[in-house]
Amino acid sequence: MRWRVITPLGLLCAPAIHAAQFLTIEQAQRAAFPAAAEFAAVDVSSAPGIDASTQAWQARAGGRTLGYFFFDRAIGKTREIDYSVAIGADGAVLSVEILEYRESHGGEVRLESWRRQFVGKHASDPVELNRDIQNISGATLSCRHVTEGVKRLLTIHKSIARR
Amino acid sequence: MIRRARPLLGTLVEIRADGASALGAIEDAFDEIAWVHRTMSFHERDSDVARINRALPGARVDVDAGTAELLALALEIANASDGLFDPTIAPVLVDAGLLPRPVRPRHDAADWRDIELVAPCTVRLRRALWIDLGGIAKGYAVDRAVESLQRSLVARGCVNAGGDLRVFGDLPETVHVRRADGTLARMIELADGAIATSAPFERDDRVDTNAEAPHVDGRTRRFVAEPRAVSVLAPRAAVADALTKVVLADPEKAAPVLARYGASSLIHEGIAPA
């Protein structure tokens, strides 16, 4: 293990955004359904809980439906995260992939100002989860929003797969 | 360099791998992480952790080899830190409403010394207790993923679970530590090792920080009174994670424990309480 601290002298020089694109939609489609011969766009505009950014395709090969591929956007801290969900013919999630995020993640540690929430609190002090201290669910906002998005897409899938 | 990210461990986990076998290797590495998530979860009914937390004193609980390995490490660090790190502080978090209450009541005075590994994959409790492997399990997941990549003959890569990261193969990784206003506090360049950072923070809608519970001092069983922002660098991520708790509880007493594990700590000064 080797490490060193680099203290930046010019704070303004450091890049503030650590965005990354991992996959294009086409790459994610092929990765999710390698056997698919085509991805036919599905009209989801009337599905319940639909969002303007949600897109859906049916993965097909040899006249059969292999499953469905969804593209959606979730909010991270302040910017969107593009992600995809592949659902198989049996209705189970095959994969969830982040396609792109536009703000700092990982490699970044943000030290927020310490508020009064826990300083001085003892185990004997009653702490009401929602009232006293901000909701600590054990998950980051990004993770929760993507996970909630996946649940929403599963519901949308149910309504379109029935057609 | 192939990069992929997925929502796991309550954060977005990013894996980077270089080489011909990278795509398949990354898939296998994500599987390892998902496995740790399921097996060590405090919340899932059938996880090894939940089964231990339901166990009657004296009963033998068979666990996965990975769980046993992680528990053995947790107990080793608890012993080395004289209890400053203690995986049995879950009751403090439960009583504070930060973790759901397990079904079985726990003994008030139980601590890490009441956990025995009576066989390679068998746990026995002397007294009823609740373990929470939260942070250390995240580091362990990172380690498992790295080892999986290496078994797949990936020459260099990085696994990053919301700031707990490990990089290998002579690929330096730069960690940016920022203040609340977005300015850079410092940058840490790391190669062939792991870093875990515990920072006091407030959750609000603008912040996407990994929401660990606030830190409990293993010996006083109270929330750490003087919250600091601390990073620990160590060869393994699980160790780095556990040692952040030791440093947060008592930076002075932590020094020999850090030395024993070939670890170093950085306290990020100048992050003033609001």
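**Terms and their grounds**

Chain A has two helices and eight strands, where helices (H or I, at least four residues) and strands (E, at least two) are DSSP runs numbered from the N terminus. This is a predicted model, in which local features need pLDDT of at least 70 and side-chain atom pairs count only at pLDDT 80 or more, while totals for chains, interfaces and linings use all residues. Residues are numbered from 1 along each chain as its sequence is written, chains are lettered from A and ligands numbered from 1 in the order in which they are written, and side-chain values use heavy atoms, with hydrogens and water left out.

Q: What pattern does chain A follow along the sequence?
A: The pattern of chain A reads β-β-α-β-β-β-β-β-β-α.

Q: Why is the pair of A:Phe22 and A:Tyr101 called edge-to-face?
A: Rings of Phe, Tyr and Trp (its six-membered ring) pair if their centres lie within 6.5 Å; planes under 30 degrees apart count as stacked, over 60 as edge-to-face and the rest as tilted. The structure holds three aromatic pairs over all chains. For A:Phe22 and A:Tyr101 the centres are 5.3 Å apart and the planes stand at 90°, so the pair is edge-to-face.

Q: What makes this a link between distant parts of the chain?
A: A:Phe22 belongs to the loop between β2 (20–21) and α1 (25–32) of chain A, whereas A:Tyr101 belongs to strand β7 (residues 93–101) of chain A, and the two are 79 residues apart.

Q: How do you know whether A:Phe22 and A:Tyr101 are buried or exposed?
A: Buried means under 20% relative accessible area, exposed over 50%, and partly exposed in between (1.4 Å probe, protein chains only). The value for A:Phe22 is 8%, so A:Phe22 is buried. The value for A:Tyr101 is 2%, so A:Tyr101 is buried.

Q: Why is the pair of A:Trp57 and A:Phe69 called tilted?
A: The ring centres of A:Trp57 and A:Phe69 are 5.8 Å apart and the planes are at 55°, so the pair is tilted. A:Trp57 is in strand β4 (residues 55–61) of chain A and A:Phe69 in strand β5 (residues 64–75) of chain A, so the pair ties together parts 12 residues apart in sequence. Both A:Trp57 and A:Phe69 are buried.

Q: What makes B:Arg106 a charge over the ring of B:Trp130?
A: A charge sits over a ring if NZ of Lys or CZ of Arg is within 6 Å of the ring centre and within 35 degrees of the ring normal. B:Arg106 lies over the face of B:Trp130, at 5.3 Å from the ring centre.

Q: Why does B:Arg16 count as buried?
A: B:Arg16 lies in strand β2 (residues 11–18) of chain B. Its relative accessibility is 15%, so B:Arg16 counts as buried.

Q: What makes a polar contact between B:Arg16 and B:Glu173?
A: A polar contact is a pair of N or O atoms within 3.5 Å; within protein, one must be able to donate a hydrogen and the other to accept it, and residues adjacent in sequence count only if both atoms are side-chain atoms. The side chains of B:Arg16 and B:Glu173 make such a contact at 3.0 Å.

Q: Which side chains are joined to that of B:Thr88 by polar contacts?
A: One contact, of 2.7 Å, joins B:Thr88 to B:Asp86, and another, of 3.0 Å, joins B:Thr88 to B:Arg221. B:Thr88 lies in the loop between α3 (65–80) and α4 (90–95) of chain B. The relative accessible area of B:Thr88 is 1%, so B:Thr88 is buried.

Q: Why is B:Asp31 called partly exposed?
A: B:Asp31 lies in helix α1 (residues 22–39) of chain B. At 45% relative accessibility, B:Asp31 counts as partly exposed.

Q: How do you know that B:Cys158 is in no disulfide?
A: A disulfide is a pair of cysteine sulfur atoms within 2.5 Å. By this rule there are zero disulfides over all chains. For B:Cys158 the nearest cysteine sulfur, that of A:Cys143, is 18 Å away.

Q: What makes strand β9 (residues 184–191) of chain B mostly covered?
A: Seven of the eight residues of this strand are buried.

Q: In what sense do strand β1 (residues 2–6) of chain A and β9(B) pair?
A: Two strands pair if DSSP finds at least two bridges between them. Here β1 of chain A and β9(B) pair in the antiparallel sense over five bridges. A:Ile6 stands opposite B:Met187 in β9(B).
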